[in-house]
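User: I have a model open and want a quick walk through its architecture. Can we start with the strands?

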Amino acid sequence: MPKSLNINPNEVRESGLLTIQPIPVNQYRRSLDDEVKLRGKAPLVRILRDMRTIRSFESMLNDVKLKGNYQGVEYNYRGPAHLSIGQEGSAVGQAFALRVEDHIYGSHRSHGEIIAKGLSAIEQLHDDSLMEIMKEYLDGEPLRVVDDGTQESVKELAIEYLLYGALAEIFAKANGLNKGMGGSMHTFFTPFGVYPNNAIVGGSADISVGAALYKHVNRQPGIVVCNIGDASAGCGPVWEALCFATMDQFKELWDEAHRGGLPLIMNFVNNFYGMGGQPVGETMGFKILARMGAGLNPENMHAERVDGYNPLAVVDALERKKEIIARGDGPVLLDTLTYRFSGHSPSDASTYRDKSEIEAWQAVDSLLTYAFSLQDGGVATSAELESQSEQVDRMTLKVYKKAIDMELSPRTSLHLPGTLLETTMLSGGRVESFAPDRKPEILGALEENPRVKAIASRSRFGLDADGKPLSKAKCYVIRDAIFEAALDRFTKDATLVAYGEENRDWGGAFAAYRGLTEALPYHRLFNSPISEGAIVGSAVGYALEGGRALVELMYCDFMGRAGDEIFNQLAKWQAMSAGVLKMPVVLRVSVGSKYGAQHSQDWTAITAHIPGLKVVFPATPYDTKGLLASALVGTDPVVFFESQRIYDQPEIFHAGGVPEGYYEIPIGEPDVKREGSDLTILTIGATLYRALEAAKILEEQYGVSAEIIDARSLVPFNYEKVIASVTKTRRILLASDACERGSFLHTMAQKITQFAFDELDAPPVVVGARNWITPPDELEDSFFPFPCDILDAIHQHIKPLKGYSVSRPCSNDELGRRSALGI
């Protein structure tokens, strides 16, 4: 929305025709002699070795799944095995052209890509570097299993290490590359440039965009390659990722030092099937997938169809596309043809395709045709290639035996307190800066920033000397607290970026970021497409690469558009990596009101239900600044809820107001906002202020002293203060704006009952919004909990109030009636 982008009606309404540039299809024409002259014989032979290594590894897995043994050695593997038998040429050709600093992200069918990229990295790395990696990774545990003194070279040791680590991971062993917590579909090994693979179809698309964004913003070497299947082109997050990756601003609005397209290749591994569905002719309409590039930018994303059954064609394509990226003209879309001989998984009998089709592809199997070309071209003899094949199979059997040996390769015990997943679901780390040697880029002197100057003139406490409220216009409010906490971290961590809808220029839909546009260059604060999935998914990728992201969803209701990215990606990678990876992402989510059924919902319970997320919901300026500061220095993903009702709320609790300097509030600690002796009220979010109104009425009219505790956080949550309060008051009511059914308050109430059962004189009572759609603003007082609803619940379920008349029926009979109706 910068004013420099003027939309001229005369230009956009002008008549004309849109022309599309041609998209190359299988254009590789180089001869084997040309390749020998270009690369030498040994690298070409190594390509065959790498393809055979993948084939041998996956054939072993196929045998284990179907027969329960490999070469007579039995093993019962109960997990998944999505094999790429037949697709080896595309994986090896790609990896051959990549450097260690080039990172790949994959799919559920990525064993081959992992092995290919790993073998390529081993070839490039010096022996000393390889040994250092193997000794340091997971404290050398996989190396201790592999290094038995039989290997003839460091590179041979490294190859066995790679294969063993991958197989042990697939078999859920503690010495696997991710300690067995990732398994077949999530294996990775970052020292070789192999980044997380993803069980969700197309799940790596927006993550890889974020990874490329990290390299681009932080000027890191290398490119990012995303390997996803052709059927994933039908997934919404994939299209969102492509739109995000091709934003014009990268090439037109960012400063000169950061101007240029993202260093990304979106590689569709096109095996013509999405499970049993066929994108061509059945479930999609593009016929040739590369055509998709024409819908994304005038360069067609430099889209090209490549014959993945010729590994040299893939090498050539990757090298050419890397040159395009190097000159700042990425991203690139590749449609790499291939074919899997095996089914979607070993349990798939491939009844949806004709046997003759499989046989036709087997006749042009790249392992056979490429081996023949090497012999026919005099690059290698039959005996040499036979010896190569035997050596590959011997190593496969060797790593298989080590991986299934329960003494050499035990599983992690998860039964006792303090186990691996207890310590990795949330990392609890603290990092001041992920680039401590770099000075963060800031525009101008902060003391001259218009927002900073405006805040300086406001009262940081909302009450005057007599305890009366000051005008909100004269006070420091919650949106100011968000601005200060964010700006502070921007001055300390050079990797920090913030983006979402309307973040730049406008300052966010609710003005929290006003002033950041003047303080930050484009590459640190920018507007994204209206692509909630890609907003969150790209933040995941940015963090996996080593950066910190602060991203925003304008309304809580829009979380549904980013469900996979929040629940399956953001929440899970720390634990699936066994703590190898961190996830320093703060996701700001605004809880609405006044805007009806699709813009006014509190979905805190959904995020709190998903293990691996920290969930915060402050309701005061002091708490907002301190909690956001903690979130922005931590290493965990934090969903940071904010209420639109109270962005303009001044601080009325913390004596002395909100400090000007930096401070943190630990996530997970509730806070007593009002002391009392007869009743405890625990609130989440903006209901704090309605609870205060109710407490005032209780004390003035009924002589009941209510203690009010603001939860501030949902996950983690320390119950000590709440239990101490309940021990004193012996009664508790819990209130929030979330719909009552399934509210996180019920989890809290259950825990309180369990922890303090003997201290309670009445069961905990939950007051939430009605189990309806959110009605229009004019009717919201019938939906959200107001002071009268809190008083009603106290009177009917906790402590009768003398002379009180219920405003709205909420007896047990009435609640039972609603439940029977599903409302």
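Predicted model: local features only at pLDDT ≥ 70, side-chain atom pairs only at ≥ 80, totals over all residues.

User: How do β3 and β4 pair, and over how many bridges?

Analyst: They run in the parallel sense. Strand β3, residues 103-106, pairs with β4 over two bridges.

User: Which helices pack on the sheet there, and what do they touch?

Analyst: One is α5, residues 111-124. It touches β3, β4, β5 (224-229) and β6 (264-270), and its direction makes about 170° with that of β4. Another is α9, residues 204-217. Helix α9 also touches β3, β4, β5 and β6; its direction makes about 175° with that of β5.

User: Zoom out. What is the strand order of the sheet?

Analyst: β4-β3-β5-β6-β8-β7. That is six strands in an open sheet, with parallel pairing.

User: Which strands sit at the edges?

Analyst: β4 (194-197) and β7 (304-307). Each of them pairs on one side only.

User: New topic. How do α10 and α21 cross?

Analyst: At roughly 75°. The axes of α10 (residues 236-245) and α21 (residues 532-544) come within 8 Å. The two helices are therefore roughly perpendicular to each other.

User: Which residues make that contact?

Analyst: From α10, Glu240, Ala241 and Phe244. From α21, Glu532, Gly533, Ala534 and Ser538. By type, the contact residues divide into three nonpolar, two polar and two charged.

User: Now the packing. How many residues are in the largest nonpolar core?

Analyst: 182. The residues with the most contacts inside that core are Phe171, Phe192, Met266, Phe268, Tyr400, Leu682 and Met748.

User: Which helix gives the largest share of this core?

Analyst: α8, residues 154-170. It supplies 11 residues.

User: Take Phe171. What does it touch?

Analyst: Leaving out residues up to four places away in sequence, Phe171 touches Leu61, Tyr75, Tyr77, Tyr400, Ala403, Ile404 and Arg411. Tyr400 is also listed with the most contacts inside the core.

User: What is in the second core?

Analyst: It is separate and has 63 residues. Phe510, Val586, Leu627 and Ala706 are among them.

Definitions and conventions. Residues numbered from 1 in each chain as written. Heavy atoms only, no water. Pairing = 2+ DSSP bridges. Helix = DSSP H or I, 4+ residues; strand = E, 2+ residues; numbered from the N terminus. Contact = heavy atoms within 4.5 Å. Axes fitted to C-alpha atoms, helices over the stretch in contact; angles between N-to-C directions. Parallel < 35°, antiparallel > 145°, perpendicular 65-115°, else oblique. Nonpolar A, V, L, I, M, F, W, Y, C, P; charged D, E, K, R; others polar. Core = buried A, V, L, I, M, F, W, Y, C linked by side-chain atoms within 4.5 Å. Buried < 20%, exposed > 50% of the residue type's maximum accessible area, 1.4 Å probe, protein only.
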